[in-house]
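Here are a few friendly notes to read alongside the model. Please keep the 3D view open as you go.

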Amino acid sequence: MKRNSQPSKRRLLALLPLLAAALWLPTGPASAQPAASDKPIRMVVPLAAGSTVDAVARALAPGLGRLTGHPVVVENIAGAGGIPGTAQVVRAHKDGLTLGMISSNHVINPGIYQTIPYDSLRDITPIAVLATVPLVLVANAKLPVTDLAQLQAHAKAHPGTLNYGSAGNGSTLHLASELLIAETGIDIKHVPYRGTGPLITDLLGGQVQLAFVSVSQALPQIKAGTLRALGLSTTQRSAALPDVPTLAEAGVPGYRFDAWIALVGPAGLPKPIVDQYAAAMKTALASPEAQTAIAGQGLMVLDKGPAQAPAFFQEELAKHQKLVKLSGARID
C-alpha cells in the first residue's frame, strides 16, 4: 500500500490546478451577463430631466431592469450639448454597467465644438437606435399663413421681416430650419435661445414668428390654436398630428430631418452584452410604459439593432456635419 500511495498522491496534486481552473471557468450564460450582477445599470442621459430623451430613458429603464436582472438608475448630466454626460459613458468600464441614452446632438457636436474629449464614432458601442423625434414647423397664429406655400409667398413679399427661433446655435431645431432655408430659399433670420422653454414663450408672444419644435412640445399649443402647424420634418406623418403634411408633401420633395434617440455603451463592449441589451430594448419598447411614453412624446419607433446602428451613426455624422457647415454654427 505504501508503494502505491505516493504515485496516487502525485497524480492528485497534478490534477488540483486543473480542477480549480474548471471550477472558475465561466459558463456560457454567465459570460453573456454584465459583471457584478448585484449592481445596478447606470443609464446616463446627457440632457436635462424632463426632456424627450429623459422621458424615453425612464420609460424603458424598468423593462431593461426586468429583462437583464439589474436595477436601472437613470442619471441626468446636462450641459454643453451632452458632451460631459457622454464623456462619462465613454470612460466607463466595459462591463455593461454604464450606458448612455443619447440624441442626435451626439453627431452634431463634432461640427459645433472645436474640441471634444472623445471620438463620436470610435469611442462608443452603438446598441440600438430606438426612435426618431418628429419636429413640426410652427408659426405664431397671428402670422397670416396656413401652409408652407403661403409662408414662402409671405416671406417673398416681405423680405427680412420674419424671424425663426431655435434652442441654440447648432441645436437640432437650428439645423432643421437651416435645411429648410437651403431647400426653399426663404428669407428668415435666426434668433437663438437657451433652450426650448424661452423659445416657445417668445414664439407665443410673437417676438419670433416661426420655429421647429418637437411634436410633443407643440401639440398643446396647436390644439389651443395659438400655434399653427405648417409641416413635419420627417418623411412620415405623425399619429399625433395626422392632418399635418410632411414638408416633403407640402412642396419640398428633398426635405428630411430626423432627430433621434439611441442607446450606447463605451467602445469595446463585449458582443454578448450588446446583443443582450439590444434584445431587451426591443422587448421593452413593446411594454405599456414605453408605448405610453412614445405616444405621449409623438415619437416614431426605429428599432435599429447592433447590426444596423454603426452604419446609421456614420451616415448621420456625415449628414449633420454638412448641415452644421451650412448653418455657420461654431463654438470655439
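How many helices and strands are there in the protein?

1. The protein has 12 helices and 11 strands, where helices (H or I, at least four residues) and strands (E, at least two) are DSSP runs numbered from the N terminus. This is a predicted model, in which local features need pLDDT of at least 70, side-chain atom pairs count only at pLDDT 80 or more, and totals for chains, interfaces and linings use all residues. Residues are numbered from 1 along each chain as its sequence is written, and side-chain values use heavy atoms, with hydrogens and water left out.

2. Of the 332 residues in the protein, 50% are buried (under 20% relative accessible area, with a 1.4 Å probe and protein chains only).

3. Now look at Thr68, which belongs to helix α3 (residues 52-68). Thr68 has a relative accessible area of 7%, so this residue is buried. A polar atom of the Thr68 side chain lies 3.4 Å from the backbone nitrogen of His70.

4. Helix α3 also meets helix α10 (residues 271-285): their axes come within 9 Å and cross at roughly 130° (axes are lines fitted to C-alpha atoms, for helices over the stretch in contact, and angles run from 0 to 180 degrees between N-to-C directions). The contact (heavy atoms within 4.5 Å) involves residues of α3 including Leu60, Leu64 and Thr68, and residues of α10 including Tyr277, Ala280 and Met281.

Technical notes:
A polar contact is a pair of N or O atoms within 3.5 Å; within protein, one must be able to donate a hydrogen and the other to accept it, and residues adjacent in sequence count only if both atoms are side-chain atoms.
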